[in-house]
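Dear colleague,

I am passing on the structure below, and would be glad if you could look it over alongside the notes that follow it.

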Protein chains: 2
Amino acid sequence: MIPYQIIEKKSQGLTLSESEIKDFVLAYTAGNVPDYQMSALLMAIFIKGMTTEETLSLTKVMLESGECMDFTSAPGFVADKHSTGGVGDKVSILLAPILAALGIHIPMISGRGLGHSGGTLDKLESIPGFNVNLDLKTWHDLVLKEHVGLIGQTGNICPADKKIYALRDVTATVRSIPLISASIMSKKIAEGVQGLVLDVKTGNGAFMQTQDDSRALAKSLVSIGKGYGIKTTALITDMNQPLGSAIGNWFEMEESVRGLQGDGPADLMDVTYALGAEILKMSNPDLTQEAAIELQAKTVADGSAFEKLKRITELQGGNPDVLDKLSDYPRAKYSGAVRAPRSGYLAKVDTMALGFAGIQLGAGRRKITDSIDYSSGMYIHSRIGDSVSSGEDMLTVYSNDEKALDQVLAGGQDIFTIEQSPPEIPSLIRERIE
Amino acid sequence: MIPYQIIEKKSQGLTLSESEIKDFVLAYTAGNVPDYQMSALLMAIFIKGMTTEETLSLTKVMLESGECMDFTSAPGFVADKHSTGGVGDKVSILLAPILAALGIHIPMISGRGLGHSGGTLDKLESIPGFNVNLDLKTWHDLVLKEHVGLIGQTGNICPADKKIYALRDVTATVRSIPLISASIMSKKIAEGVQGLVLDVKTGNGAFMQTQDDSRALAKSLVSIGKGYGIKTTALITDMNQPLGSAIGNWFEMEESVRGLQGDGPADLMDVTYALGAEILKMSNPDLTQEAAIELQAKTVADGSAFEKLKRITELQGGNPDVLDKLSDYPRAKYSGAVRAPRSGYLAKVDTMALGFAGIQLGAGRRKITDSIDYSSGMYIHSRIGDSVSSGEDMLTVYSNDEKALDQVLAGGQDIFTIEQSPPEIPSLIRERIE
């Protein structure tokens, strides 16, 4: 196998064989192909695409590069939810404890921030001590006992994907249907789940910006899941503005806790419950949509979901007290606000630019080795369709990097489009793919 | 500057600004952008291309990343020749001493093997002790005194290009008109030459396989050179089979010496003299083509060109005795032959495959850190149009890696296409661009 020839073949738009994909990926995972060759191949795949067969081969080699979990001994349904990523998307942090409180087993393997989007692991790690690197046995036992365990690609789960995912994050090769599909599905299949719901984001803050692309991705994901015998559905949901108002790791954790305490933003709760309903209905096909939502709302009302989050935080080494005393969490040194330059209706939010502003503030990574400042972030104060007054705060920004803060504030007004007549409000849940 | 955003912009086929190109390239050169991000950008450029303005910006930042030489004190004409690369292309090793013997100053900065093609530096280094890493002052003095100095991108000549060139070699991003143009021309402009002839290879062993692509590259190169006030012409020459019969570093050095001793293959000598004639005519516009060739042939006949090669070898730390005693050079441990499977006419040579076979034998690099085995290589025994008999040796192969040798021998017959009727013989010098 000469890596050069495989890169060249794909750069010409030709189809790679299963053995070419396998040899290249396994050699990369073993450290025998360097990052710079893999990133060249990834860019060629990003631009030239992959056939369904190539995508399946990539999923297979990623899956088989490591071990698969076995939850057949679990007494109840085993399922997971995965989002394709966006800005302010903290659904997993609410949904995992809600479903666990309802007896569903959630062996959730999450990711870190990718491109402009945030990552569940980074958010969880904003809780002091929270350990997302449990060994697989500890995690397995935790899922059986507590019905939920929240980890990253600890241990030997899809090591090939783990290494490639980190590289895609910093080489602008994220928004690719075959690469996203293989990455997501290899991990989800390795979790050993019986059911899976995919939250495929669409809009200007999603990796797939058009409904057509999002639908193509959703179909690709669902077909791989079904091919492996997993009950799989997808919801295409809106990402033309952040979900909720908090962006940044601790900021989002705090908003999630408020959601579990019954004080969450409506859009965030709606998406959370809709995704949860998919899993509850897979587990019990007789359940109506309304009943599935009602069951979840009850775990919020009775505090059982929040207790589950605190319990799992404690069992994963985190300090659950910070979740009870949200306002004690340290704040970034500097803050400022982006103000509305004129009165009118908020018509558009440049959600991708918001995500990159978060990176600039310290809430995300520019390269693999960057560390994250959990206390940096933003609050967006209006949603599309809201009326705003000239001079009103649109965005409050926090950072420990004063220069970065100033830069974000200087460019901040470009993020918002204010118009004189009320805009069309994007619908939150667009389409269901099964 | 967020590298991710620049990579993404190019991956979408958009045009980068001069400052985006400059910031990215200088940050990479300074080590603040990692290899894996540059290789992603290179692949995006490779597939999506660059405008003329982007190519000029890239040439400029590469040139200005280092220092430029000044040969205005040279009493005679200062010029260079550059080839876009092929298999068995050892023209520089003959042409530099020939022109130096004729009083032209040749400040030649050459490259290493790139992709499937060989590199002049690697060939020179097959002479024990030959130092291609002279400091710029030593090299400058050598060119003034001896009329020729053969180095790599020693010191501070286009450091940005040097780093990018090494990366392109191993990421299949070589065959790109803007990347080739900027790389070649930044170095040649930095040499401080008055005249430049480009040997743009075309055919199945060239980076540009079609005459159209080769012409586009030649025009791009010539226009950049003229823009910088350098007399520049290009010859498009055939690379549908190796030049001469030797492939591999010492093998090619040996064949070059025989050429300077008056015993060179006709095709090699024809291309050498044609390129040399371009420079001699730039230096003296009254010279006819015939006289320009005659002058060069005389330096071979009277031994002055060979003496010049030995002299420069000695002054650059090499042992000139090996050039007098060619057969004393150590041979690779293993050898074998590829034989003609049937009688007929040699109709086609897969020249690219030959180049890759050379890499497999140890004569080239698969990744930056690989070292080269100078005693590995091949001799091709027939040229297109020659009649061959079943069982006749087509290719003799040498390597110190027995397994690699067996693999090359096993696939060797696929390199040659033998037909029953005489094929069309590709013309050697196709076109002149000025």
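Between domain 2 of chain A and domain 3 of chain A there are 15 residue pairs in polar contact, counting pairs with both residues at pLDDT 80 or more; a polar contact here is a pair of N or O atoms within 3.5 Å, where within protein one must be able to donate a hydrogen and the other to accept it, and where residues adjacent in sequence count only if both atoms are side-chain atoms. Helices (H or I, at least four residues) and strands (E, at least two) are DSSP runs, numbered from the N terminus. By class, that side has 10 nonpolar, 13 polar and six charged residues, where Ala, Val, Leu, Ile, Met, Phe, Trp, Tyr, Cys and Pro count as nonpolar, Asp, Glu, Lys and Arg as charged, and the others, Gly among them, as polar.

Please bear in mind that this is a predicted model, in which local features need pLDDT of at least 70 and side-chain atom pairs count only at pLDDT 80 or more, while totals for chains, interfaces and linings use all residues. Residues are numbered from 1 along each chain as its sequence is written, chains are lettered from A and ligands numbered from 1 in the order in which they are written, and side-chain values use heavy atoms, with hydrogens and water left out.

The domain bounds come from an automatic or database domain assignment, which divides chain A into domain 1 (3–49), domain 2 (79–324) and domain 3 (332–419). In chain A, 29 residues of domain 2 are in contact (heavy atoms within 4.5 Å) with 24 residues of domain 3. The area buried between domain 2 and domain 3 of chain A is about 2,200 Å², of which carbon and sulfur atoms give 58%; buried area is the accessible area (1.4 Å probe) that two parts lose on being put together, summed over both. His116(A), Gln241(A) and Phe251(A) supply 28% of the area that domain 2 of chain A buries against domain 3 of chain A, more than any other three residues. Two salt bridges are found across this interface, a salt bridge being a side-chain nitrogen of Lys or Arg within 4 Å of a carboxyl oxygen of Asp or Glu.

Turning to the two chains, 31 residues of chain B are in contact with 31 residues of chain A, and the chains bury about 2,800 Å² between them, 66% of it on carbon and sulfur atoms. In chain B, Tyr4(B), Tyr36(B) and Phe356(B) lose the most area to chain A, together 26% of what that side buries. Two salt bridges are counted between chain B and chain A, and the side chains of Arg175(A) and Glu8(B) meet in a salt bridge with N and O 3.1 Å apart. The elements of chain B that give two or more residues to the side touching chain A are helix H1 (3–11), helix H3 (35–48) and helix H8 (159–169), and H3(B) gives the most, with 10 residues.

With best wishes
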